[in-house]
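Work through the exercises below with the sequence and the model side by side. Try each task before reading its solution.

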Amino acid sequence: MKMLTLFFIIALSTLSINAQAFTFNNSAKLVFSQDEVLVNVAANCTNLGITNEELLSLVGSAVDNFWNQSPTSRLKLRKGSVVNVAAAFHTGEICVSGTNCDPNPILKVTNDILISCNENTVNFPSTAILGVTIPNNISGSTIQGALVLINDQAGNQFEDKTKNEKISIIAHELGHAFGLGHSKVEDSLMYFMTMSKRVALGRDDIDGISYLYPKQQPKAGCGTVDFDGGTGPNWWSGLFLGFSIIGLSELFRKRKNNTKAI
Ligand SMILES: [Zn+2]
């Protein structure tokens, strides 16, 4: 509950100073410094209704179908592995006491992102709360590690979700883990409620991840020249060049014909 309150307060305060709908899950706009972040899964779920390998597979779909589809951000999330963690990750509170959330140091994630099952009733006062997330290992202005807790209480509602819903729920929590708060745009993964029908990022999600993790234009020479033989952008530039040549030749032919006609 404290975490949710924190997200809500920060979302409101950030909205007041940003025109964008996306928000940050911390006032300092903390981000991972590296371009690739692993998402590991703790081998400690008891009531979630899926195996560790199935959960890891959902993680793979969450990163591939959602966040790694953003064309304008440098961050790439990678499916990690099933790891053994201390029992406290299954039972502990994500925050220690305080007005805002002070991360529980016992649950500090050493590096990257860890998804763990958790049954603590302070973290999850209701089975309707699916997950809580916090970057809980901060160094200077960067995130070293972030923790995602999935509600593993008996009767949890995650268990009854469809596969696509489970994937979008995990993708939503990963958004919090690398620095995003909630979006007020309903048609976005980071909208705080409607996650069930999401199968791709919304415009606002792409704006958010691209703001936090902008893709850099490689510095090479004095301009940007694309040649055939590459991926995406080169293919498009080649196509554009093709159309240009066709257009010019057509124009030249017409001018030639016109000249003849005269
Ligand atoms: Zn959320």
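**Exercise 1. Decide how enclosed helix H5 (residues 203–212) is, and find what covers it.**

Solution. Start with the count: seven of the 10 residues of H5 are buried, so the helix is largely enclosed by the rest of the structure. Buried means under 20% relative accessible area, exposed over 50%, and partly exposed in between, with a 1.4 Å probe and protein chains only. Helices (H or I, at least four residues) and strands (E, at least two) are DSSP runs, numbered from the N terminus. Next, list the buried positions: Asp204, Asp205, Ile206, Gly208, Ile209, Ser210 and Leu212. Finally, look for the cover, which includes strand S1 (31–32). Contact here means heavy atoms within 4.5 Å.

Before going on, note the source. This is a predicted model, where local features need pLDDT of at least 70, side-chain atom pairs count only at pLDDT 80 or more, and totals for chains, interfaces and linings use all residues. Residues are numbered from 1 along each chain as its sequence is written, and side-chain values use heavy atoms, with hydrogens and water left out.

**Exercise 2. Describe how helix H2 (residues 52–65) packs on helix H4 (residues 163–177).**

Solution. Take the geometry: the angle is about 70 degrees and the axes are 8 Å apart. That makes H2 roughly perpendicular to H4, a class that spans 65 to 115 degrees; under 35 is roughly parallel, over 145 roughly antiparallel, and the rest oblique. Axes are lines fitted to C-alpha atoms, for helices over the stretch in contact, and angles run from 0 to 180 degrees between N-to-C directions.

Now the residues. H2 brings Leu55, Leu58, Val59, Ser61, Ala62 and Val63, and these meet Lys163, Lys166, Ile167, Ile170, Ala171 and Leu174 of H4.

**Exercise 3. Classify the ring pair of phenylalanine 178 and tyrosine 213 and say which parts the pair ties together.**

Solution. Apply the rule: rings of Phe, Tyr and Trp (its six-membered ring) pair if their centres lie within 6.5 Å; planes under 30 degrees apart are stacked, over 60 edge-to-face, the rest tilted. The count comes to three aromatic pairs. In this one the centres are 5.7 Å apart and the planes stand at 80 degrees, so the pair is edge-to-face. Phenylalanine 178 lies in the loop between H4 and H5, and tyrosine 213 in the loop between H5 and helix H6 (232–261), so the pair ties together parts 35 residues apart in sequence. Phenylalanine 178 is buried at 0% relative accessible area. Tyrosine 213 is buried at 0% too. Ring pairs link Trp67, Phe178 and Tyr213 into a cluster.
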